Amino acid sequence: MTSARGLANHSLYMATLLLEAWGREHEGARGSREALQSAFAPAVRLHLLDAYGWFLLATLRATRLPDKPPHHSRDLPELGAGIAEPPELEEYRALESAGWLSQLQAQLPSGIAPENKPNILAMASSYPHLKEYQQWRGAFSDLFARMTDSLDEN
């Protein structure tokens with residue numbers, strides 16, 4: 001049986017693989033940086049948000065898992081009668097409202113620059129950059145490690 005924590009770790013690993021590939025392409029300067037951002041940013045974002053959602057479900061100790069994880073604490077399933085909400089959710093909500101997590105959860109632009117010229121597909125350069133995603137991935141790792149210790153104690 002697959003666990004929410006295992007799925008969170010898997011999604012975080014998938015994000016790491018993409019970040020490493022993005023970093024190699026970025027260093028090799030193949031193609032435009034905007035094209036690389038447009039190619040990698042949405043995929044990395046999705047894996048990080050999936051990791052977060054699975055970890056939210058792990059925090060609730062969910063045993064019946066959905067096909068897709070929530071990407072926000074407001075989308076969590078309701079707790080059963082008499083089940084107390086884990087205190088860790090308060091920290092998650094604070095990060096969602098004003099922290100690095102709120103930046104990650106923000107909607108990405110369409111990917112097409114509004115000033116594109118006829119017959120040329122112009123990439124939007126307003127996606128978060130590689131370094132930002134690397135920082136968010138590190139923040140997730142730190143958060144998961146700290147919260148896993150907390151959850152394991154309970």
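Glu 85, Glu 90 and Arg 93 are linked in a network of salt bridges (a side-chain nitrogen of Lys or Arg within 4 Å of a carboxyl oxygen of Asp or Glu). This is a predicted model, in which local features need pLDDT of at least 70 and side-chain atom pairs count only at pLDDT 80 or more, while totals for chains, interfaces and linings use all residues. Residues are numbered from 1 along each chain as its sequence is written, and side-chain values use heavy atoms, leaving out hydrogens and water.

**Salt bridges**
- Searching the whole structure turns up three salt bridges.
- Arg 93 pairs with Glu 85, their closest N and O atoms being 2.7 Å apart.
- Arg 93 also meets Glu 90 (3.3 Å, N to O); both lie in helix H3, three residues apart, about one turn of the helix.
- Arg 146 and Glu 91 form a salt bridge as well (2.5 Å, N to O). This pair links distant parts of the chain, with Arg 146 in helix H5 (residues 130–153) and Glu 91 in helix H3, 55 residues apart.
- Arg 93 is partly exposed at 28% relative accessibility (buried is under 20% relative accessible area, exposed over 50%, partly exposed in between, with a 1.4 Å probe and protein chains only).

**Positive phi values**
- Most residues other than glycine have a negative phi.
- Arg 61 has a positive phi near 60° and sits in the loop between helix H2 (33–59) and helix H3 (88–98). Helices are DSSP runs (H or I, at least four residues), numbered from the N terminus.

Note on methods. Helix = DSSP H or I, 4+ residues; strand = E, 2+ residues; numbered from the N terminus.
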